[in-house]
Amino acid sequence: MALASLARRKAYLLSRNLSNSPADALKYSFSLSNFSRGFASGSEENDVVVIGGGPGGYVAAIKAAQLGLKTTCIEKRGTLGGTCLNVGCIPSKALLHSSHMYHEAKHSFANHGVKLSSVEVDLPAMMAQKDKAVSNLTRGIEGLFKKNKVTYVKGYGKLISPSEVSVDTLEGGNTVVKGKNIIIATGSDVKSLPGITIDEKRIVSSTGALALSEIPKKLIVIGAGYIGLEMGSVWGRLGSEVTVVEFAPDIVPTMDAEIRKQFQRSLEKQKMKFMLKTKVVGVDTSGTGVKLTVEPAAGGDQTTLEADVVLVSAGRAPFTSGLGLDKIGVETDKVGRILVNDRFATNVAGVYAIGDVIPGPMLAHKAEEDGVACVEFIAGKHGHVDYDKVPGVVYTHPEVASVGKTEEQAKALGLNYRVGKFPFLANSRAKAIDNAEGIVKILADKETDKILGVHIMAPNAGELIHEAVLAINYDASSEDIARVCHAHPTMSEALKEAAMATYDKPIHI
């Protein structure tokens, strides 16, 4: 079965990578010819130049070097890892963990027979731990560059031709880096809101929210997406009164509705307040704090909210300005995303784009997969990323993780499906550790039992989801998961039981 599965997978990948048009074929031929010339050339021209050293860019650079391509990576920040490592995924997870430890010590330890006379927050120490994690990881990536012989140029790069990048270096000079193939991996930036100026002190982006010098008494979060809820959780655990203002009628609108409702109730139990279907119409920073004027999204009476700090978390926008895209004719859409084909090639031969600057989920792990696949195409190999099977995780407590279709999407597509669910209240390990809030929900095709989507709300849901990610990538059925022996007692057994509930009946409920 394993060999047959591999054969099917190879055939699938080959079918995905056939050119869809003469234009695609021409671009692919151009990439291959450039690749072959790269080995014959004795010049200092690179085979691959990557603009951006974030998760997509640095992974693409390392993979290119591993494939024998002479590679240079250009990064304006001066430290590798991009937004994710420096002011995003990594520091936020460090603070989420530290704040959760504090919250557990204060509210849950006694239930487990651990009594403390007092528990205090040392915010500078907490921030130092976060900064240490970031610095260690950024240095680690530089080490990987050296190991794989990737040239690292620190500076702001912009295209001056399809094969040349002008770099204003951090040292104050300028250099031109030449490359047969150029990959744009400049990521995304905070999306601003009209009439709101972010000063990273009282009105902050996620960057400022990761570096507050004191715990705000009142925090208002504008936006109920992944980032806003995570950062709201951090400061709420540490003692802030958190209010989330969201224009849409629901939090995390891409989430399965049933899971989303349970998730919101969980956050409300943690004293997070929500003002949904509400828009911000005015900001006043003339006093010591911040006053927000809000009104119903559909119009109506205005009210004023007061806070010490306001976090603007209304999404992210692709970072493509100042790259010289217009100079060489690279096509973008109306929101600034670079348009690419299924080989990550732009309309300009030899220029590629990956990650947050192109359509698709704005996620670090998606950018990494883009980077690997893009370089594999350049090297004449076969790359593959299926955006319908990219997992998403909200790293609150409990976490929420998902892959595949929501029930709303299945209904909209007219799919005939079954649903299986299993609560963690019936899971032995969850009960044993007194952490049993959450549920597993599986959607499967009613006729074939092929898994369509999996949604988990639970402690460590971000780890549990990957069994489902693997299953859904290989077109497994719910019965396939149900018939796999899972260790007992583990949280993973909830996924097995939900799979049993999908195609037949669960045992423990």
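This is a predicted model: local features need pLDDT of at least 70, side-chain atom pairs count only at pLDDT 80 or more; totals for chains, interfaces and linings use all residues.
1. A crossing of two helices is called left-handed if the near helix is turned anticlockwise from the far one by less than a right angle.

2. Two packed helices are described by the angle between their axes and the distance between the axes. For helix H5 and helix H8, the axes come within 9 Å and cross at roughly 35 degrees. This crossing of H5 and H8 is left-handed. From H5, the residues in contact are Ser92, Lys93, Leu95, Leu96, Ser99, His100, Tyr102 and His103; they meet Glu230, Met231, Ser233, Val234 and Arg237 of H8.

3. Both of these helices also take part in covering helix H6, which comprises residues 123-148. The end C-alpha atoms of H6 are 38 Å apart, and this agrees with the 38 Å that its 26 residues should span at 1.5 Å a residue. Directly after H6, Lys149 has a positive phi of about 60 degrees.

4. Which residues of H6 are buried? They are Leu123, Met126, Met127, Lys130, Val134, Thr138, Ile141, Phe145 and Asn148. An α-helix has 3.6 residues a turn, so residues three or four places apart point the same way. The cover over the buried residues of H6 includes helices H3 (55-66), H4 (82-87), H5 (89-107) and H8 (226-237). Strands S2 (71-75) and S3 (151-161) also belong to this cover.

5. Val294 has Thr303 of S13 as its bridge partner, and Lys291 stands opposite Glu306 in S13. The two strands S12 and S13 form a hairpin with 6 residues between them. In the turn of this hairpin, Gly299 has a positive phi of about 100 degrees.

6. An annotation from UniProt concerns residues 390-499: an unreviewed entry lists them as "domain: Pyridine nucleotide-disulphide oxidoreductase dimerisation". In the model, the chain over residues 390-499 is 33% helix and 28% strand. The end C-alpha atoms of residues 390-499 are 20 Å apart.

Terms used: Residues are numbered from 1 along each chain as its sequence is written. Side-chain values use heavy atoms; hydrogens and water are left out. Two strands pair if DSSP finds at least two bridges between them. Helices (H or I, at least four residues) and strands (E, at least two) are DSSP runs, numbered from the N terminus. UniProt positions are given in the numbering used here, feature names are shortened, and annotations may be inferred rather than shown by experiment. The expected span of a helix is 1.5 Å times one less than its number of residues. Buried means under 20% relative accessible area, exposed over 50%, partly exposed in between (1.4 Å probe, protein chains only). Contact means heavy atoms within 4.5 Å. Axes are lines fitted to C-alpha atoms, for helices over the stretch in contact, and angles run from 0 to 180 degrees between N-to-C directions.
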